[in-house]
Amino acid sequence: MTLPPPLPEARAVPYSLRRRLTVGMVAGFLALLVVLSIGLWTYARNAANQTYDLLLAGSAIAILERISPTPDGLIVDIPSSALEIVGLAKEDRVFYRVFRLSGRTLTGEPDLPLPPGGVRAGDQPRFFDAPYSRETSRFVLQGKLIIEPTGPDWIMLQLGHTRLARDTMQMDLFSKGLAGLVAIAVLGLVFMRLGINRAMAPLAGIEADIRGREPSDMTPLDAKPPREVEGLIGAINDFMGRLVTSKEHAQSFIADVAHQMRTSLAALQGQLQLAAEQDEPERMRQRLERASEQATRTIRLTNQLLSHAMVTHRGIDEPVEKIDLMPLIRTSVEEFLRHPETEGIDIAVLHDDLPAGSALLVADPVALREALRNLLDNAARHGPKDIRIDIGLSRTRIDEREALCISLDDSGPGIPAAEREKVLERFYSLNRAGGGSGIGLSIVNAVARSHGGRLALADSRLGGLRVELDLPVDGPA
Amino acid sequence: MTLATLARTRLGALRRIRAAVLGAAALSLAAVGHARAETRLTIYSATDTSAMTEVIARFEATHPAVKVEYVEYNTSELYEAIASHSHLVDVVISSSMDLQAKLVNSGDAYAFRPPNADALPEWARWRGELYGFTWEPVVMVYNKAAFADRPLPQTRSELAGMIRDDPDFFRGRVGTYDIHLSGVGYLFATQDAQRGYQFSRVAESFGRARARTFCCTREVLDRVARGELVYGYNMIGSYTLGVVREDERIGYYLLDDYTLVMSRTAFIPETAPNKRAAVSFVNFLLSPEGQAAIATSPELIPLLPEATIASGHSGVPGTEGRSLLPIRLGTGLLTYLDRLKKEAFLADWSAAMQVDSASQ
């Protein structure tokens with residue numbers, strides 16, 4: 001027996017947990033970076049605007065202070081400090097306009113763009129961006145109520161500059177913040193990668209352990225797996241355990257078969273030998289009849305061994321068909337009764353509590369037929385000629401799972417309670433002399449197990465043995 | 001003659017000089033047989049052609065494919081020409097820092113970065129568009145004979161006091177810029193005005209002494225040399241230095257309270273047809289070679305001190321240890337160009353100077 005081949009290479013490209021985690025994390029970090037960048041960009045813009053708006057506001061105050069009425073008319077005396085304060089945004093161009101609310105320009109650039117929504121009287125500064133002189137510029141608009149000889153009038157000051165310093169500051173804040181974010185993201189990814197490698201290390205150890213083993217080494221893995229793969233390691237160990245058991249079973253089966261065949265054939269040869277040594281035709285005929293019986297037993301044994309091997313082998317492949325038990329039982333019984341030696345046997349099939357067509361279950365029909373044949377055969381072989389057999393079909397449960405129960409009651413000699421466990425083993429027969437090979441019930445047992453069901457033996461109300469074969473409806477777990 | 005007529009006459013008298021002679025280098029190259037595509041670099045400048053001859057010759061020598069056309073203007077005329085966008089010009093040069101700043105502020109200038117930008121003093125460059133390339137202190141000149149036996153005033157306050165105490169000596173014999181006519185004169189006056197109240201005292205005393213005003217430094221220097229004037233206020237140091245070297249009769253000095261320093265500036269209009277050549281010309285002006293060329297002109301002082309020293313040009317003797325106030329390029333210069341502000345300032349100045357036909 002050999003180990004199953006290493007992971008099949010047929011599966012195109014196996015996905016990498018490491019890559020999946022990395023890609024996931026990188027995508028997550030990128031998404032986070034984008035969101036934070038948008039926030040950072042807005043923050044940087046607001047911060048730059050607030051900073052430089054103060055310059056505009058301060059200069060506006062200085063200029064408005066120097067607008068005053070005189071008997072000779074309005075004086076607008078732009079203080080040089082005002083333009084120098086705005087000029088603290090060193091590389092930016094400065095524009096201003098002093099005008100009456102009516103729109104008449106007193107001094108400055110007459111074509112400055114007005115704020116969205118137009119000019120309103122008021123001494124609160126209003127800030128806005130507007131395109132001017134081939135660039136987007138930032139303006140403040142602020143008014144001052146002047147009492148002139150002709151009456152009160154609002155004098156408006158619009159002061160602005162290009163956005164160079166603001167954009168530079170915004171870019172500076174943004175790029176520094178972004179550099180920090182990117183650094184954190186990169187560090188995060190590096191640490192994450194290290195973490196993944198560390199987390200994956202036990203898996204590599206397990207792989208090395210399995211690859212490095214002798215083919216016959218089936219001892220459990222001694223890796224100390226993390227919780228997440230503990231189940232996997234457990235499953236591998238279980239699997240290896242099952243391989244060991246299966247291997248042992250196969251070995252003992254082969255040994256048993258060899259022994260049984262050898263014994264049976266030796267007996268046949270003994271009978272033939274004895275027959276050959278007989279001079280009297282009558283005695284020779286008797287000996288030959290014995291030899292023929294022995295040959296029949298040997299053939300039967302061989303058939304049963306093959307049947308057992310087949311059932312065991314089929315059990316490996318999971319049954320997928322959903323079949324109706326009722327016709328299966330019926331055909332099995334008919335087939336059984338077709339043999340001449342079954343004459344006189346009385347078989348009844350009882351399924352009162354199951355309407356026709358409802359005894360459906362996922363099972364291997366060939367194996368089930370084999371099991372039924374063996375059960376009937378068993379009853380007929382060990383019971384009287386006119387044995388009565390009742391076959392029943394009913395619903396039951398295996399643990400929490402829905403199941404069907406096939407029961408066989410016979411009026412035969414039965415099996416003492418103490419022996420019931422042993423007869424399920426191979427080659428254990430209560431009645432060797434009567435032709436029992438000791439394989440029949442063990443075949444049924446194997447079928448029950450391969451279907452995830454169970455086999456139970458009990459006393460029958462007919463006085464003989466009651467066999468209950470429980471099979472889950474949805475197949476083996 | 002009224003002021004207005006005077007102004008028109010003066011402007012009309014300014015000739016635009018095509019600097020054909022400056023094409024000599026290019027012509028000689030053509031003669032050798034270089035059939036090169038020529039780039040014509042148009043420079044509009046408010047600086048005497050003679051002052052720039054050597055600089056342009058050296059530039060043309062290193063850039064054989066470029067032929068310079070140098071057109072001379074006075075500062076206000078130059079400002080009007082550029083602001084109206086009616087001329088296609090490659091480089092604009094002017095001593096009027098405020099008007100240059102205003103042109104740049106209007107967004108008409110082209111940004112570029114000279115290779116040695118970081119070596120240039122911060123006050124002499126703005127926005128990567130406007131670059132100063134000379135260093136010219138504003139000085140006082142006097143007639144040596146007239147002041148032979150009297151002390152020179154050492155501060156503006158002393159100057160005002162002396163004029164008040166000795167009106168007969170100074171009457172009609174103090175000269176300065178006519179700030180209505182001269183952009184540079186207006187710049188100096190407004191810079192003075194920002195330094196404090198002393199200047200209004202000086203202006204008042206000028207008015208009392210019936211000080212005379214002129215368009216240009218040279219006009220004042222000529223009259224001081226002849227003794228027609230005894231004192232000239234706010235003269236451009238570089239011109240003065242060139243004249244003083246040649247003329248024994250004139251002296252110059254710096255006042256103790258402060259000395260303004262101005263810089264001739266150049267920028268490239270956004271509409272310049274030959275930006276590449278223009279950039280290489282301004283880069284040349286600012287380069288050590290260009291600065292050395294500037295140092296050879298008796299009428300200009302280079303911006304970079306090492307150029308002054310390397311060429312043996314002594315700069316302006318007497319500037320060491322003085323409180324020098326460079327005029328800073330930037331938005332602050334726009335203040336006195338405000339229409340109302342300028343009207344008010346000129347009105348105040350005229351009132352103080354009592355400028356009328358009688359002063360001439």
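Which helix of chain A holds A:Thr296? Here are my notes, in order.

1. A word on conventions. This is a predicted model, in which local features need pLDDT of at least 70, side-chain atom pairs count only at pLDDT 80 or more, and totals for chains, interfaces and linings use all residues. Residues are numbered from 1 along each chain as its sequence is written, while chains are lettered from A and ligands numbered from 1 in the order in which they are written.

2. A:Thr296 sits in helix H5 (residues 281–316) of chain A; helices (H or I, at least four residues) and strands (E, at least two) are DSSP runs, numbered from the N terminus. A:Thr296 counts as exposed because it has 12 C-beta neighbours inside 10 Å (20 or more other C-beta atoms within 10 Å make a residue buried, 12 or fewer exposed, anything in between partly exposed, with C-beta atoms placed from the backbone).

3. Strand S3 (residues 91–94) of chain B is covered on both faces: B:Val91 and B:Ile93 are buried on one side, B:Val92 and B:Ser94 on the other. S3(B) runs parallel to strand S1 (residues 39–46) of chain B, with four bridges, and antiparallel to strand S12 (residues 265–267) of chain B, with three; pairing takes at least two DSSP bridges between two strands. B:Val91 is the bridge partner of B:Ile43, and B:Ser94 has B:Thr265 as its partner in S12(B).

4. Now the interface: 16 residues of chain A are in contact with 15 residues of chain B (contact means C-beta atoms, placed from the backbone, within 7 Å). On the side of chain A that touches chain B, H2(A) gives the largest share, four residues.

How values were computed
Two residues are in contact if their C-beta atoms, placed from the backbone, lie within 7 Å.
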